[in-house]
Amino acid sequence: MIKSPILQSSRHDLTHHNPAEALNSFKAKDQDFLFLLKRCNDIDEFKQIHARFIKLSFFCSSSSFSASTLLAKCAHSGWDNSMNYAASIFRGFDDPCTFDFNTMIRGYVNETCFEEALFVYSEMMERGIEPDHFTYPCLLKACTRLKSIKEGKQIHGQVFKLGLEDDVFVQNSLINMYGRCGEMALSSAVFEKLEFKTAASWSSMVSARAAMGLWSECLMLFRGMCSAKDVKAEESGMVCALSACANTGALNLGRSIHAFLLRNISKLNIAVQTSLVDMYVNCGCLDKALHIFKKMDSRNNLTYSAMISGLALHGEGEAALRMFSEMTNEGLESDHVVYVSVLNACSHSGLVKEGHRVFEDMLKEGKVEPTAEHYGCLVDLLGRAGLLEEALETIHSMPIKQNDVVWRSFLSSCRVHQNVELGQIAARELLKLASHNPGDYLLISNMYSQARMWDDVARTRTEIANKGLKQIPGFSIVEVKGKTHKFVSQDRSHPQCKEIYKMLNQMEWQLKFEGYSPDLTQILLNVDEEEKRERLKGHSQKVAIAFALLYTPPGSVIKIARNLRMCSDCHTYTKKISIIYGREIIVRDRNRFHLFKGGICSCKDYW
DNA sequence: TTAGGGTTAG
């Protein structure tokens with residue numbers, strides 16, 4: 001073995017041929033040994049030090065402090081194969097102490113070998129080595145990552161028995177473990193019991209809820225964190241809160257977080273900036289998002305991905321493709337999420353040729369393994385454009401298992417393009433895979449209804465009733481004078497209900513002059529035409545628009561958010577309203593933004 | 001004398 005410079009630079013020469021001399025000077029050598037360990041940078045140097053250590057230890061019975069330090073250095077080094085080497089050292093110990101077990105647990109957790117960490121802990125238990133407050137944070141992290149709630153609960157019991165429950169590090173780990181394993185009540189219970197809530201306690205609560213998609217809880221906690229004494233809201237909490245704003249469309253809160261960040265943090269990191277881009281894009285402010293994006297010093301593939309899917313969301317497919325080339329030119333590699341964003345952008349803008357090329361390039365490059373999601377995008381792209389045969393061929397040629405998403409997307413296209421024959425194939429396959437999704441039955445029933453196949457409509461409806469499936473009620477939210485108002489279909493609960501319905505009648509009267517006639521096929525109920533007209537008139541989006549026209553200043557932009565995809569009648573209706581009343585109307589539905597202006601929509605009727 | 005929790009974004 002070549003002697004490395006680090007060994008030559010030791011303060012003393014470690015070589016002793018006389019065992020007695022070695023024994024006498026061991027204390028000094030011990031210091032040398034620790035000094036060398038500290039400066040050791042790679043596994044080869046480490047192995048040399050380890051060899052010396054064995055040689056010295058042969059003469060001196062043991063030096064457990066040094067041995068433990070040696071083990072820790074290796075286990076936490078991050079070198080290739082370091083945990084295997086650490087395990088071999090650990091196995092050589094006659095009676096490893098608590099520190100050594102903690103070292104192994106932490107080492108395995110850092111290397112994402114969570115099961116091994118749990119094995120080490122059970123060995124610790126078997127050998128009767130008592131864990132301490134350093135043992136549990138890492139161990140609980142292993143349970144969190146493995147989503148092993150059963151083991152997590154047992155470990156919590158042991159923490160309690162050992163009287164370690166008061167340790168704030170252990171408590172924060174418990175909050176996180178319970179939260180990320182979906183046990184929100186237990187997570188909150190630990191949090192509530194905390195005498196001193198640290199920034200990490202709050203962060204654990206906020207980020208665990210964000211990870212579970214509990215956005216409103218996440219925002220509520222975030223507000224609590226900001227108003228808590230002695231806790232400074234940190235960037236990580238901000239990022240989670242911005243993500244919650246993006247997911248709920250909470251623009252005002254998002255803006256105030258942005259303002260707070262600008263006031264308190266001199267240089268925003270890339271994660272925070274990406275979250276800002278994503279928040280603005282999802283709250284309908286594409287220009288603001290682009291402004292932040294352009295001013296960033298550096299961007300990574302997550303930043304680009306946020307911007308690309310943002311452009312897709314706003315129907316800017318060509319701009320999204322330009323952004324994608326820019327990203328490639330910057331030397332950044334696309335991952336599977338970026339490809340989904342780009343394919344979606346093409347799909348939402350009818351860029352069939354371009355989307356197909358992106359998909360082919362992805363296959364050719366071979367760096368990203370296509371998933372069912374990618375095939376879903378391709379099927380959507382072809383299907384929306386009316387290329388139903390090609391879409392079906394794509395599904396049949398998928399090298400991976402067909403899932404409900406691909407068939408649902410295909411079914412939706414068949415409905416739009418009124419191809420019942422292919423639609424029936426899609427319906428059959430879809431119901432085989434996910435028979436309990438009420439939305440699927442609705443889509444099928446809608447398709448039959450448009451084709452006036454009433455027997456099939458009735459059969460589908462009976463199936464819905466027999467299975468006890470409940471349709472998700474649609475709603476629209478509109479902000480007027482800083483207050484949000486939520487309307488459901490046929491809503492008559494609003495205090496201004498009388499004025500709203502009077503307005504709706506007036507609107508319909510004017511719409512008739514613009515050549516609007518209601519699309520009654522959108523109503524699935526078995527009722528007469530007049531009733532269908534009434535039902536259609538009371539769709540939540542129309543009620544929300546009527547309310548906004550009454551109570552917002554003339555010429556101002558109307559912003560609406562809804563939980564479901566817009567029906568085609570509401571789409572036509574809103575286009576005409578934008579001309580008649582000279583208003584810009586922005587509607588965010590489940591899939592994207594629609595900007596209605598001067599009688600046309602930014603989606604170019606392609607959604 | 002050795003060590004620990006929450007890392008956040010698409």
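Which strands does helix 31 (residues 540-551) lie across, and at about what angle does it run to strand 1?

1. Helix 31 lies across strand 1 (475-480), strand 2, strand 3 and strand 4, and its angle to strand 1 is about 10°. This is a predicted model, and the points below should be read with that in mind.

2. The strands under discussion belong to an open sheet of six strands, ordered 2-1-3-4-5-6, in which the pairing is mixed. Strand 2 (483-488) and strand 6 (600-601) are the edge strands; each has a single partner strand, so one side of each has no neighbour in the sheet.

3. The pairing of strand 1 with strand 2 is antiparallel and runs over six bridges. Within this pair, Glu479 is placed opposite Thr484 of strand 2. The two strands form a hairpin with two residues between them, where Lys481 adopts a positive phi near 50°.

4. A parallel pairing is found between strand 3 (residues 558-562) and strand 4 (residues 585-588), which share four bridges. Here Ile560 faces Val587 in strand 4.

5. The second largest pocket holds about 790 Å³ of space. Elements contributing two or more residues to the lining of this pocket are helix 14 (215-227), helix 15 (235-248), helix 16 (251-264), strand 1, strand 2, strand 3 and strand 4. The lining comprises 31 residues, and those nearest the centre of the pocket are Thr248, Gly249, Ala250, Leu251 and Ala561. By class, the lining of the second largest pocket has twelve nonpolar, ten polar and nine charged residues.

6. Elsewhere in the model, helix 23 (residues 372-384) packs against helix 25 (residues 404-416) at an angle of about 5°, and their axes are 9 Å apart. Helix 23 is therefore roughly parallel to helix 25. On the helix 23 side the contact is made by Tyr375, Gly376, Val379, Asp380, Gly383 and Arg384; on the helix 25 side it is made by Val406, Ser409, Phe410 and Ser413. The contact of helix 23 with helix 25 divides into four nonpolar, four polar and two charged residues.

Methods
Residues numbered from 1 in each chain as written. Chains lettered and ligands numbered in written order. Predicted model: local features only at pLDDT ≥ 70, side-chain atom pairs only at ≥ 80, totals over all residues. Heavy atoms only, no water. Pairing = 2+ DSSP bridges. Contact = heavy atoms within 4.5 Å. Axes fitted to C-alpha atoms, helices over the stretch in contact; angles between N-to-C directions. 1 Å grid on protein atoms, 1.4 Å probe; cavity = no way out; pocket = protein on both sides within 12 Å on 5 of 7 lines; lining within 4 Å. Points joined across faces, edges and corners; volume = space filled by probe spheres on them. Nonpolar A, V, L, I, M, F, W, Y, C, P; charged D, E, K, R; others polar. Parallel < 35°, antiparallel > 145°, perpendicular 65-115°, else oblique.
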